[in-house]
Amino acid sequence: MEIILATIYDIARVSNVSKSTVSRVLNNQSNISEESRQRVMEAIAALDYQPSKLARALTSSGFDAILVLFSRPSKTTVGNPYFSEMLTIITERAEHENFDVIIQTAKNTDEYEKKCIEKIENKMVKGLLLLSSPTDEKILTTLDKYQIPIVVIGNITGHYRHVYSVDTDNKMDSFTLCKSLIDHGHRRIACLHAPLNYHVSLDRVSGYKKAMLTAKLTVDSQLVIDCGFTAEEAYQATKDIMASPIRPTAIFATDAIKAMGIYRALKELDLGIPEDISVIGYNDEHIEPLLHPLMNGITIPVRNLGEVGANIMFDHIFGRASAAPYIQVKTIVNERDSVKRLI
């Protein structure tokens with residue numbers, strides 16, 4: 001699968017012209033000197049643009065490409081099998097449709113927005129796909145105005161004309177998991193979660209709190225811990241809460257990376273699962289076999305999420321009839337060996 005790395009800024013830098021000059025060349029406009037046009041064309045060649053892709057870019061239709069955005073900082077996605085699997089699924093579908101995939105990285109949301117607008121205005125992409133959904137949806141509000149399909153793998157709360165969402169019911173799934181702990185007699189339950197500036201984390205913590213409050217149990221803020229995006233942070237948080245005077249009897253992990261850190265910490269503390277403490281949470285089919293005992297929890301159907309998201313994207317690109325703007329994918333509940341019944 002071809003991945004286009006160069007941007008209009010790269011072409012401008014190599015050809016020593018302005019970005020607007022490059023844009024005029026790419027759009028085949030006449031108000032440009034032949035010398036500048038030649039320098040731009042030479043820069044395009046030096047940056048290894050495929051001639052066939054360039055030919056399409058010089059027409060009104062633009063490139064046959066989609067833009068994939070990692071909303072989180074790249075350092076938090078490295079080693080996370082969710083993102084690598086999702087990207088594989090999307091690129092497979094794009095290849096089938098004879099489309100290229102551009103992977104967008106940026107230091108912050110403002111830079112993401114700027115780079116996305118640049119690619120849209122220069123007809124480098126025909127659709128955008130976000131692999132996670134930030135709670136601050138300003139970028140979606142801005143990009144929706146450009147009238148190209150935007151598919152978000154995750155929940156969205158705003159109302160848009162060209163933004164579509166594919167997600168699981170994270171709040172209800174988390175409620176179900178935590179209720180099962182309560183039904184097994186657990187009352188002091190810790191929740192180790194990722195930052196709440198993403199809908200997935202916010203929804204899963206909301207489900208946990210709803211289960212506790214529905215059972216008329218107190219939500220102890222000291223047991224609801226933001227562990228970032230890494231297993232190392234979950235590992236340290238687990239050691240901290242297990243050193244507290246009143247330990248929890250169970251831990252809810254809001255993602256499989258957290259579960260890895262929790263399992264490692266408990267093993268080092270010589271605490272058995274579930275003999276000494278129960279663990280429940282979200283599984284990943286790549287990580288689950290590494291956990292012993294196997295963890296009770298919910299497996300996210302990543303392939304299904306990616307395929308549905310890609311279907312929506314290309315249905316709108318090609319003008320085919322498409323499904324509703326929001327599609328919910330069912331998850332898989334696994335009864336394993338990591339929860340102890342207290343009553």
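Tyrosine 82 and phenylalanine 83 are both buried. Their ring centres lie 5.0 Å apart with the planes at 85°, so this aromatic pair is edge-to-face. The pair belongs to a predicted model, in which the protein has 13 helices and 12 strands. Two open sheets of six strands are described below, one parallel and one mixed.

**Overall make-up**
- Of the 343 residues in the protein, 55% are buried.
- The protein exposes about 15,900 Å², and carbon and sulfur atoms supply 51% of that area.
- Take the contacts between residues at least 6 apart in sequence: 70% of them join residues at least 24 apart.

**The parallel sheet**
- Its strand order is β2-β1-β3-β4-β5-β11, an open arrangement with parallel pairing.
- β2 (100–104) and β11 (326–328) are the edge strands, each pairing on one side only.
- From one strand to the next, the twist averages 20°.
- Strand β1 (residues 65–69) runs parallel to β2 and is joined to it by five bridges.
- Leucine 69 has glutamine 104 in β2 as its bridge partner.
- Helix α6 (residues 81–96) lies across β1, β2, β3 (127–130) and β4 (150–153).
- The helix α6 runs at about 170° to β1.

**The mixed sheet**
- Here the order is β7-β6-β8-β9-β10-β12, again an open sheet of six strands, with mixed pairing.
- β7 (224–226) and β12 each have a single partner strand, so one side of each has no neighbour in the sheet.
- The twist averages 15° from one strand to the next.
- Four bridges connect strand β6 (residues 189–193) with strand β8 (residues 250–253), and the two run parallel.
- Cysteine 191 has phenylalanine 252 in β8 as its bridge partner.

**Helices across the mixed sheet**
- Helix α11 (residues 231–242) lies across β6, β7 and β8.
- Its direction is about 160° to β6.
- Helix α12 (residues 256–268) lies across β6, β8 and β9 (278–283).
- Relative to β9, helix α12 runs at about 155°.

**Aromatic pairs**
- The structure holds seven aromatic pairs, including the edge-to-face pair of tyrosine 82 and phenylalanine 83.
- Phenylalanine 314 and phenylalanine 318 form a stacked pair, 6.1 Å centre to centre with 20° between the planes.
- Ring pairs link Phe99, Phe314 and Phe318 into a cluster.
- Phenylalanine 314 counts as buried because its relative accessibility is 1%, under the 20% cut-off.
- Phenylalanine 318 has a relative accessible area of 38%, so it is partly exposed.

**Charges over rings**
- Lysine 210 places its charged end over the ring of phenylalanine 175, 5.3 Å from the ring centre.
- Arginine 264 lies over the face of tyrosine 235, at 3.7 Å from the ring centre.

**Arginine 341**
- Arginine 341 lies in the segment after β12 (332–334).
- Arginine 341 and glutamate 275 are 66 residues apart in sequence, with a C-alpha to C-alpha distance of 9.7 Å.
- Setting aside neighbours within four places in sequence, arginine 341 is in contact with Asp183 and His184.

Conventions
Residues numbered from 1 in each chain as written. Predicted model: local features only at pLDDT ≥ 70, side-chain atom pairs only at ≥ 80, totals over all residues. Heavy atoms only, no water. Pairing = 2+ DSSP bridges. Axes fitted to C-alpha atoms, helices over the stretch in contact; angles between N-to-C directions. Contact = heavy atoms within 4.5 Å. Phe/Tyr/Trp six-rings, centres within 6.5 Å; stacked < 30°, edge-to-face > 60°. Buried < 20%, exposed > 50% of the residue type's maximum accessible area, 1.4 Å probe, protein only. Lys NZ or Arg CZ within 6 Å of the ring centre and 35° of its normal. Areas by Shrake-Rupley, 256 points an atom, 1.4 Å probe, with all protein chains shown as cover.
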